[in-house]
Amino acid sequence: MNVHSFDAIVVGGGGAGLYAALALSQGKVSTAVLSKLYPTRSHTGAAQGGIGAALANREEDHPEWHMFDTVKGSDYLADQDAVQILCEEAVTTVYELEHLGLPFNRTPDGKIDQRRFGGHTKDHGKSPVQRACFAADRTGHMILQTLYQQCIKNEVTFFDEFHAVDLIMKDGVCCGVVAYSIEKGDLHVFHTKAVLFATGGSGRMFKITSNAHALTGDGMAIALRNGVPLEDMEFFQFHPTGIYKMGILLTEACRGEGGILRNRKGERFMERYAPTIKDLAPRDIVSRCIYLEVRDGNGIDGKDYVHLDLTILGKEVIKKKLPDIDDFVRTYMGLDPSRDLVPIQPTAHYAMGGIPANVRSEVVKDEKNTVLKGFYAAGECACVSVHGANRLGTNSLVDILVFGRRAGLSMADYCKGSDYTPLPSDPLGPTQETIARLRSQNSGERTAALRDQLQSVMMDKCGVFRTESGLQEARSEVLKLKDRYSRLAISDKSQVFNSDLLDAMELGNLMDLSLVTVEAALARQESRGAHYREDYPKRNDAQWLKHSLASMSHGAVRLNYKNVVITQFQPQERKY
Amino acid sequence: MKVELRIQRFNPEKDSKPHFENYAVECEPTDRVLDAILQVKGVLDGSLTLRKSCAHGICGSDGMQINGRNMLACKVLVKNLKQPIVIEPLKGFKIVKDLVVDMKSFFEKYRSVQPYLQNEDPVPEKERLQSPAERERFDDTTKCILCACCTTACPSFWSDPNYVGPAAIVQAHRFLFDSRDKAKEERLNVLDSREGVWRCRTIFNCSDACPREIDVTRAISEVKRNLLFKKL
């Protein structure tokens, strides 16, 4: 058995994982990062537009305004104690990133530049505010690079291309991780005092998505199988502007810089739906409006897309502030955004739900928020909950930074005051069984076919608009697919870099998460944020102002609920 | 549309040397080469092995030779290529399996140039100031995604695997020209050697290969000039 010992193990090499690893290494805790990709390939690098922080470099702004916008954007489902921390620490965290070397764009007087973004407003909704700190349209790339660079400087140990497959628990304490070395094809045990999951999202459960192939919700699914319920999984964000049919993200900064959405008639339709902030309404609203326009026959050529108009920005602004968008539109559509209208449709983008965690990034395992010792979660795989039912643009980066850093600090504290829990006798058993089963079958179902079907079902029946009957169909289809998955056969039987086996394991994770998402969506008989039920079109605070907690045993999902933390902003009707 | 692919295969557990296999798949005209390869993997042969992730040219996983040129498979559309599309791994690294190459030496060279901001001055309460012009000075080299397309397109690297290579020099450039960095001297010392920047013969393959359109050759020349002026 390959056993490695580190005081702290971080699973995931994106922004949250790297910030945690940096904080741990600065705290002199022996730390290893396991990442199924080379860390610089992580999906943090795909984030484009900016980090929301009330620096007030361009105009008056306050963390309290940011907090109000985040709570309102969440449709009042976010926990307000956590949102307050998010918005206050956003400011110090952005300064720290600058000190670590992040090359932000600058204002004429040399400060960090800021721009407008959806749902971020001045003084509780009066007008859009310039809050997003940015580095052209590759802010995430710069964060990922900067944090990786600093981890190298601080001599963090990396296990690249190690895919986490299980948690090791003993007497209710998390004491390690089982990981599969993709290159060698063998299993490794990482014995540790504290495990952080910073494993990212699960957007690959949908057909049209902005998410990388790697985003298969591995961490969430492992937690679920180890008895940790997942919180608010019914809330999945569809970003309004994905490239038509491909889903590739075109940042909200396109609209922050002045771009607008137009329907078949050339009409700026968002004026009708959100008269105050128009195209800069939050993502759940804009995505729904696009679908409504399409339904009303206002899609381009009667099809299921509308146009993003960037021609009004002019060549100079596009080249300087949206260079990658310019590149994507040219490469993938053969269009020139300074001259041509760009076909877009909503694209599955972000899981608001995930592994329940408190503000110290400790995983909490029940409705009483009981801490699961030794287990931490941060970033998209976690649910703190700072995004509630709908995340505002830029707040994913704020989340990974603030809570990634907090995770590192909490783990460093915990590691100093605790000992290693001895490993159980056979930590590899269940994983060896799973892998042997996947390898043993010589003919059967194929990963790609099952994955395509799963993605279509989720897109069609558990997407932007949902109904009871559609969700029931989705449930029965996902169950059938799960059954077929048990008869999966892989054609690659080799040890070295067996991506066929890896794909199969990832699909298993997506199956479990899809089922949980559908069940939680079916149960929630109201519309809130990204969860829109046509049969229950209104928000219902009396019954549903609560977080869902979905657990799974023997393939069956059970739902529990816990209260939302409300401190200073009482729920109001959400209008923009 | 029908797309024909000719892909180099190598399974270290079975093969003594690489060979080519031909495949034909149905694609949409909007499909990327990556989509075509994944069709082969998904439908025809699950053992075909490659790295991939973001699928839109920003993670740097799927660098490979496509019709003889280094590209990201997710950043070129099938309809723009001559068929059969010939696909081989990046040249100059050990092949792990099929299109997957061993990147360890590449990342070691990256680390050798101290690719991190060094400035031990006490930090201000807010941000360090930097003018837009100072920020613009190193903008081009901040775009690097470490895909290795430049380094593995370089004849100097093919002939001398110890050459630090264009990608590492690009990373050094990003800090050498950042007004906030204070380790200019140390970084230049690393590059001022036979295996450093002087191995470059200004062939321009690196600039041609860069999927992020970084002017790599120019960045290398700027580093060389910096070293020359230091010596004068």
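Mentor: H14(A) and H15(A) cross in a left-handed way; a crossing is left-handed if the near helix is turned anticlockwise from the far one by less than a right angle, and right-handed if clockwise. Keep in mind that this is a predicted model, in which local features need pLDDT of at least 70, side-chain atom pairs count only at pLDDT 80 or more, and totals for chains, interfaces and linings use all residues. Residues are numbered from 1 along each chain as its sequence is written, with chains lettered from A and ligands numbered from 1 in the order in which they are written.

Back to our pair. H14 covers residues 468–485 of chain A, and its axis lies 9 Å from that of H15(A), at an angle of about 155 degrees. Axes are lines fitted to C-alpha atoms, for helices over the stretch in contact, and angles run from 0 to 180 degrees between N-to-C directions. So the two helices, H14(A) and H15(A), are roughly antiparallel: angles under 35 degrees count as roughly parallel, over 145 as roughly antiparallel, 65 to 115 as roughly perpendicular and the rest as oblique. As for the names, helices (H or I, at least four residues) and strands (E, at least two) are DSSP runs, numbered from the N terminus.

Which residues of H14(A) and H15(A) make the contact? From H14(A), they include Leu471(A), Val478(A), Leu481(A) and Tyr485(A), and from H15(A) they include Leu507(A), Met511(A), Leu515(A) and Val518(A). Contact here means C-beta atoms, placed from the backbone, within 7 Å. The contact of H14(A) with H15(A) has eleven nonpolar, three polar and four charged residues. (Ala, Val, Leu, Ile, Met, Phe, Trp, Tyr, Cys and Pro count as nonpolar, Asp, Glu, Lys and Arg as charged, and the others, Gly among them, as polar.)

H15(A), residues 499–523, has another packing partner to look at: H5(A), residues 218–225, sits at about 70 degrees to H15(A), with the axes 9 Å apart. That angle is why H5(A) counts as roughly perpendicular to H15(A). The crossing of H5(A) and H15(A) is left-handed. On the H5(A) side you'll find Asp218(A), Met220(A), Ala221(A) and Leu224(A), facing Glu506(A), Asn509(A), Asp512(A), Leu513(A) and Val516(A) of H15(A). Sorted by type, that H5(A)–H15(A) contact gives five nonpolar, one polar and three charged residues.

Now try another helix pair in chain A. H1(A), residues 15–26, packs on H11(A) at about 35 degrees, and their axes are 7 Å apart. The crossing of H1(A) and H11(A) is right-handed. Among the residues that meet are Ala16(A), Ala20(A) and Leu24(A) from H1(A), with Leu401(A), Gly404(A) and Gly408(A) from H11(A). The H1(A)–H11(A) contact has 15 nonpolar, four polar and one charged residue.

Two strands pair if DSSP finds at least two bridges between them, and S2(A) and S11(A) have four, in the parallel sense. Out in the loop between S18 (362–364) and S19 (371–377) of chain A is Asn369(A), which has a positive phi of about 60 degrees although it is not a glycine.

Chain A has a three-stranded open sheet too, ordered S4-S6-S5 and antiparallel. S4(A) and S6(A) are joined by two bridges, with Ile51(A) partnered by Cys133(A) in S6(A). Helix H2(A), residues 63–73, lies across S4, S5 and S6 of chain A, at about 60 degrees to S5(A).

Key:
Contact = placed C-beta atoms within 7 Å.
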